[in-house]
Amino acid sequence: MKKYGNYIIIASIIGIGSILFYLAAVSWASFIWTKNSVMFYLQQPISNKEAVSAIERIQEMEEKKKEENKADIMPEFCIWGQKEEMILENKNLSRIAQADAILLCGNPELVFEDCRVPNKEDSQGCLIDEEIAWELFGSNQVVGKEILIEGNSYIVRKVIPAKNRIIAFQVSSIDNENVKRMVTEELLTEPILNRITISNSKNHSINDLYLAWTNQYNFSINILDIELLRGISGCCVLLIPITICIFFGIYLFYQYEKKEIILDKIIIIIVVLILIVLMIFLLKNWVKIPSDYLPVKWSDFSFWTELWKEKRKAIQLLLQIPKSKLDYRWTINFFQSIGFSLVAEIFLIIGGILSIPKKYLKS
């Protein structure tokens with residue numbers, strides 16, 4: 001009876017570890033949306049007017065590149081920032097809500113995943129999240145309905161599947177006279193925009209994008225290395241299947257020692273070889289080292305020191321910058337994936353050790 005009790009305890013510990021591993025993997029998978037984009041932090045926030053002027057300047061430079069048949073065309077981007085505590089109103093139902101506004105200057109899909117509205121020319125469209133939709137309309141089926149933002153009329157283009165109490169709209173057309181009447185002068189001139197998100201579907205070097213924006217477009221920016229956080233959390237998640245493979249390998253080793261028939265030993269060896277191949281396949285497909293992490297010359301030992309300093313500063317910047325509501329997504333995912341991974345690793349190690357027969361531990 002005691003033996004079965006031990007099996008139940010071991011199964012429970014491993015089961016809890018497996019659930020935690022699943023939660024860690026889900027949190028890490030949420031980082032996938034950052035894979036094809038690069039985010040920069042503006043050292044000095046700019047106003048909406050300055051952002052529109054910058055966009056016009058960039059567009060002129062890109063047109064010249066096209067005329068000269070130059071290949072290095074700037075990928076899609078969005079300059080954005082957060083304006084806190086704006087008043088929203090549904091006049092028909094006499095309902096009022098307060099939300100933080102995400103002001104967009106560019107492609108909204110880079111800020112909100114799979115969201116192509118409102119486009120850059122849409123001066124009257126807006127996005128709201130589910131919580132605001134329910135508070136103002138009592139439903140999330142509100143596309144096409146009117147909403148007042150600080151007394152100015154906007155049309156809901158899409159409801160975002162989130163509960164962060166946010167609204168988002170374009171300010172990239174503020175030179176339009178109709179928009180000027182809708183947007184307050186304070187909103188036009190207040191330095192709010194402090195982020196640039198750039199599409200990286202063509203896998204440009206992050207340093208090349210950084211140099212383009214600093215040298216060609218005269219922006220003072222810092223790289224927000226979200227990819228570094230994704231890599232750290234991915235390594236933590238990857239520890240768990242590696243640990244499982246190690247304990248399973250130990251189990252097979254003990255079984256190999258116990259077997260006396262040659263055929264049984266051959267079968268165990270084949271299983272071990274399959275296990276090794278699976279581990280190599282796992283590492284090959286999941287672990288990809290960026291070129292920035294590899295020195296040009298392996299004898300250049302100072303490279304690793306500089307790389308450590310650079311990445312340490314990158315993490316400090318990520319932790320220290322003022323967070324918008326959209327930043328909480330990657331922040332929470334990062335800490336959840338690491339936390340769940342480490343706790344799952346502890347449970348699996350305990351379960352693995354308890355699974356090893358005592359006679360082998362004594363030896």
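Reply: The lining of the second largest pocket consists of 15 nonpolar, three polar and six charged residues. The pocket belongs to a predicted model, and 24 residues line it. Those that lie nearest the centre of the pocket are F112, I160, A162, L326 and R329. The volume of this second largest pocket is about 490 Å³. Rolling a probe the size of a water molecule over the atoms shows where empty space is left.

Two elements of the chain each supply at least two residues of this lining: strand 6, which covers 152-160, and helix 10, which covers 327-355. Of the contributions to the lining, that of helix 10 is the most, at six residues.

The chain around the pocket may now be considered. The protein chain has 363 residues, of which 41% count as buried, and its elements are 11 helices and nine strands.

L224 lies in strand 9, which runs over residues 221-224. Because its relative accessibility is 3%, and buried means under 20%, L224 counts as buried. Apart from neighbours within four places in sequence, L224 is in contact with M39, F40, Y41, R195, L317, L318 and I321. The C-alpha atoms of L224 and V38 are 7.6 Å apart, although 186 residues separate the two along the chain.

The average pLDDT of the protein chain is 81, and 85% of the residues reach a score of at least 70. Among the elements, helix 3 (residues 130-137) has the highest mean pLDDT, 92, whereas helix 4 (residues 177-182) has the lowest, 46. In the stretch formed by residues 175-182 the pLDDT is below 50, and this stretch has 13 contacts in the model beyond near neighbours in sequence.

To return to the part requested, the second largest pocket has a lining of 24 residues, to which helix 10 gives the most, and 15 of the lining residues are nonpolar.

Technical notes
Residues are numbered from 1 along each chain as its sequence is written. This is a predicted model: local features need pLDDT of at least 70, side-chain atom pairs count only at pLDDT 80 or more; totals for chains, interfaces and linings use all residues. Side-chain values use heavy atoms; hydrogens and water are left out. pLDDT is the predictor's confidence in each residue, from 0 to 100. Helices (H or I, at least four residues) and strands (E, at least two) are DSSP runs, numbered from the N terminus. Contact means heavy atoms within 4.5 Å. On a 1 Å grid over the protein atoms alone, a cavity is a set of points where a 1.4 Å probe fits but cannot get out, and a pocket is an open set with protein on both sides within 12 Å along at least five of seven lines; lining residues have an atom within 4 Å of a point. Grid points are joined across faces, edges and corners, and a volume is the space filled by probe spheres set on the points. Ala, Val, Leu, Ile, Met, Phe, Trp, Tyr, Cys and Pro count as nonpolar, Asp, Glu, Lys and Arg as charged, and the others, Gly among them, as polar. Buried means under 20% relative accessible area, exposed over 50%, partly exposed in between (1.4 Å probe, protein chains only).
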